[in-house]
Structures are given as C-alpha cells and as structure tokens.
Amino acid sequence: SPASSTPPDAPDAAIDAALDRVAQAQGRLAAFVAAGGSVAFGSGFGWGTNFDPIVELELMEDAGLTFADLLGALTLEPAIRFGYDDRGAVEPGMVADLVLLDGDPRVDLSALDRVRWVMRGGVPVYGTVR
C-alpha cells in the first residue's frame, strides 16, 4: 500500500526540518537586531481566522527580542517605515490611537488579543471601560 512505502519517521523528519528552519530564522533575526537593525511587525498573511499573529510575536520573543523591541515593532517602526512622523509614540503633539487590553502583554503576549477598548483620534470607537 502507499502508506507502507512511506518511512515511519517521515512525519518526524518533516517536523524536525520545519523547526530547524524556524530556529535558523530566529537566529538571523537575533543577529539582525543585535547589529542595530529594527523590525516593523506585519504579515502578508493578513489578520484572519487562520493566522495568529501572537505566535509570530512569541517566536520573535524567543529569538531574544525584548518587549520594548516587540512594542516598537508594532507601533513606532511601522510609522517610521511608512513615513508618518506624527505617530508611533504617545507624546504631546502626536496622533495617538490608544488601546486598552485585558492583561499585561509584558507578562503574556496573548493579552494583545484581548482588546477591551480603543480610542482613535481622541474618540472612543470600540468597547467600554467599567
């Protein structure tokens, strides 16, 4: 049968190869950041039900990026990359969209998925605060 022609260790070998590629990518990312590179978070996959961006952030954290690096990758670095010098930081005179989370993403990155409230341009646009 076709199943019997497949070596029994093929699935493990494929998983090991994939994990090795992830580890290599993490090593390149760590070296890039250590050399002074900056990372802007984003994905060509989009924000759909089949892709969890928290996994990507956790892999970046496992590669050695600090929470400050991750926060910058989510906020300031994309603003810089797209030429917006009036956003990306919470400072006087900056455009500030604020997000209130249910949890502390410094401790648990999945808190980024638990949005309780959003203010955009000074106007609450999502959720409630009790």
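This is a predicted model: local features need pLDDT of at least 70, side-chain atom pairs count only at pLDDT 80 or more; totals for chains, interfaces and linings use all residues.
**Group meeting: a patch, a pocket and some salt bridges**

Numbering runs from 1 along each chain as its sequence is written, and side-chain values use heavy atoms, with hydrogens and water left out.

So which element gives the patch its largest share? That's strand 3, residues 123–127, with three residues. Val115, meanwhile, sits in strand 2. Val115 has 32% relative accessibility, so we call it partly exposed. The classes go like this: buried is under 20% relative accessible area, exposed is over 50%, and partly exposed is in between, using a 1.4 Å probe and protein chains only.

Now the overall layout. The chain has four helices and three strands, and along the sequence they run α-α-α-α-β-β-β. These are DSSP runs numbered from the N terminus: helices are H or I with at least four residues, strands are E with at least two. Of the 130 residues in the chain, 17% are buried.

On to the largest pocket, which holds about 1,200 Å³ of space. Lining it are 33 residues, and Leu71, Leu74, Thr75, Asp97 and Val99 are the closest to its centre. Helix 2 (53–62), helix 3 (67–74), helix 4 (76–81), strand 1 (98–101) and strand 2 (115–120) each give two or more residues to that lining, with helix 3 providing the largest share, four residues. By class, the lining has 23 nonpolar, four polar and six charged residues.

How is a pocket defined? On a 1 Å grid over the protein atoms alone, it's an open set of points where a 1.4 Å probe fits, with protein on both sides within 12 Å along at least five of seven lines; lining residues have an atom within 4 Å of a point.

Phe41 is in the loop between helix 1 (10–34) and helix 2. Phe41 and Thr75 are 34 residues apart along the chain, with 8.3 Å between their C-alpha atoms. Buried or exposed? Phe41 counts as buried because its relative accessibility is 12%.

Last topic: salt bridges, meaning a side-chain nitrogen of Lys or Arg within 4 Å of a carboxyl oxygen of Asp or Glu. The whole structure has five. One of them joins Glu77 and Arg81, at 3.7 Å from N to O. Because they are four residues apart in helix 4, about one helical turn separates Glu77 and Arg81. Glu77 is buried, at 16% relative accessibility, whereas Arg81 is partly exposed at 46%.

Then there's Asp104 with Arg106, whose closest N and O atoms are 2.8 Å apart. Here Asp104 is partly exposed at 29%, and Arg106 is exposed at 58%.

Finally, Arg114 pairs with Asp108 in a salt bridge at 3.6 Å, N to O. Arg114, at 33% relative accessibility, is partly exposed, and Asp108, at 32%, is partly exposed too.

Terms used:
Grid points are joined across faces, edges and corners, and a volume is the space filled by probe spheres set on the points. Ala, Val, Leu, Ile, Met, Phe, Trp, Tyr, Cys and Pro count as nonpolar, Asp, Glu, Lys and Arg as charged, and the others, Gly among them, as polar.
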